[in-house]
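Open the model in your viewer and keep the selection panel at hand. We will go stop by stop.

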Amino acid sequence: MLTIRNLTVAVEGRRILDGLDLDIAAGEVHALMGPNGAGKSTLANVLAGREGYEVLEGEALLDGQDLLTMEPEARAQAGLFLSFQHPVEIPGVSNLQFLRTALDCLRKARGEAPLDSAALLRAAREAAQVLGLPADFLKRGVNEGFSGGEKKRNEILQMLLLEPRFVILDEPDSGLDVDALKLVAAGVNRLRRPDRAFLIITHYPRILEYVRPDRVHVLHGGRIARSGEAELAHQIEAGGYAAVLEGSVA
Ligand code: ADP
Ligand code: MG
Ligand code: MG
């Protein structure tokens, strides 16, 4: 489903990703770990089309389409979704308005009619309930005054409503208490399907207890330096990155 080949990316003239290869098949969940500053968010942002990154080499294909040549909107329409490590506040735009605009845009691209207001409200309330968010939450400005944990859950709420085919979650678990973490994991598990895939960026094995990954990768030296099963996340927790990177090629 997602094929990344030789991806080399610079930020402000410095190479952050350097010949990165990664393959994620439909139906799979992959975890991406790696020390602070390794380039995990850079990878997520480059795939989503955020500005400020210079792609020097390589390609990233989603179902055969080269994402890197597409506008961010077209990438979303192709089924890509990124939950931000640091969600932005959009004061004055209510959560519900935001969801409606995003969903209408995606449905239009798919040749579908806009969801009617009652159906949208029903779906949004249900998703809010799954995530343990209060109902008045939908009327509030996007992320305005939300706690860190509420912002993370709001990203997952968007994911549940937009039903993307390829989901990147950038540290969906940072700053969450264990109850919120379980709710986020439940949201992800709800969307797991044979035709959908996930890349979960995290520092902790805990979320992977609830969302079992098919593969775990470690980003280091600008590429995937080590890959393994879920157990790799526990080795990192126990011994730090140095222990699992010893003898790696990067
Ligand atoms: P990670 O998510 O793995 O912690 P990042 O992808 O956020 O790492 O950052 C990788 C490196 O790129 C870091 O050294 C970071 O300081 C640098 N970097 C990322 N974005 C920018 C930017 N907009 N301007 C300058 N440096 C950046
Ligand atoms: Mg970081
Ligand atoms: Mg990051």
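Which helix gives the most to the shell around ligand 1? Select residues 40-48. That is helix H1, which gives the most, with 3 residues. Helices here are DSSP runs (H or I, at least four residues), numbered from the N terminus.

Before moving on, note how to read this. The model is predicted: local features need pLDDT of at least 70, side-chain atom pairs count only at pLDDT 80 or more, and totals for chains, interfaces and linings use all residues. Residues are numbered from 1 along each chain as its sequence is written, while chains are lettered from A and ligands numbered from 1 in the order in which they are written.

**Stop 1: the ligand shell.** Select Val-11, Glu-12, Ile-16, Gly-34, Asn-36, Gly-37, Ala-38, Gly-39, Lys-40, Ser-41, Thr-42 and Gly-52. These residues are around ligand 1 (C-beta atom, placed from the backbone, within 6 Å of it). Color them by class: 3 are nonpolar, 7 polar and 2 charged. Nonpolar means Ala, Val, Leu, Ile, Met, Phe, Trp, Tyr, Cys and Pro; charged means Asp, Glu, Lys and Arg; the others, Gly among them, are polar.

**Stop 2: the annotated span.** Select residues 2-246. An unreviewed UniProt entry annotates them as "domain: ABC transporter". The span is 38% helix and 29% strand (strands are DSSP runs of E, at least two residues). Its end C-alpha atoms lie 28 Å apart.

**Stop 3: H4 and H5.** Select residues 117-130 for H4 and 148-162 for H5. How do they pack? Their angle is about 135 degrees, with axes 9 Å apart. Axes are lines fitted to C-alpha atoms over the stretch in contact, and angles run from 0 to 180 degrees between N-to-C directions. H4 and H5 are therefore oblique to each other. Angles under 35 degrees count as roughly parallel, over 145 as roughly antiparallel, 65 to 115 as roughly perpendicular and the rest as oblique. Now show Ala-123, Ala-124, Ala-127, Ala-128 and Val-130 in H4; they meet Leu-157, Leu-160 and Leu-161 in H5 (C-beta atoms, placed from the backbone, within 7 Å). The contact has 8 nonpolar, no polar and no charged residues.

**Stop 4: H6 beside H5.** Find Gly-149 and Lys-152 of H5, and Ala-180 and Leu-183 of H6, among the residues that make the contact. By class, it has 7 nonpolar, 2 polar and 3 charged residues.

Key. UniProt positions renumbered as here; feature names shortened; annotations may be inferred. Contact = placed C-beta atoms within 7 Å.
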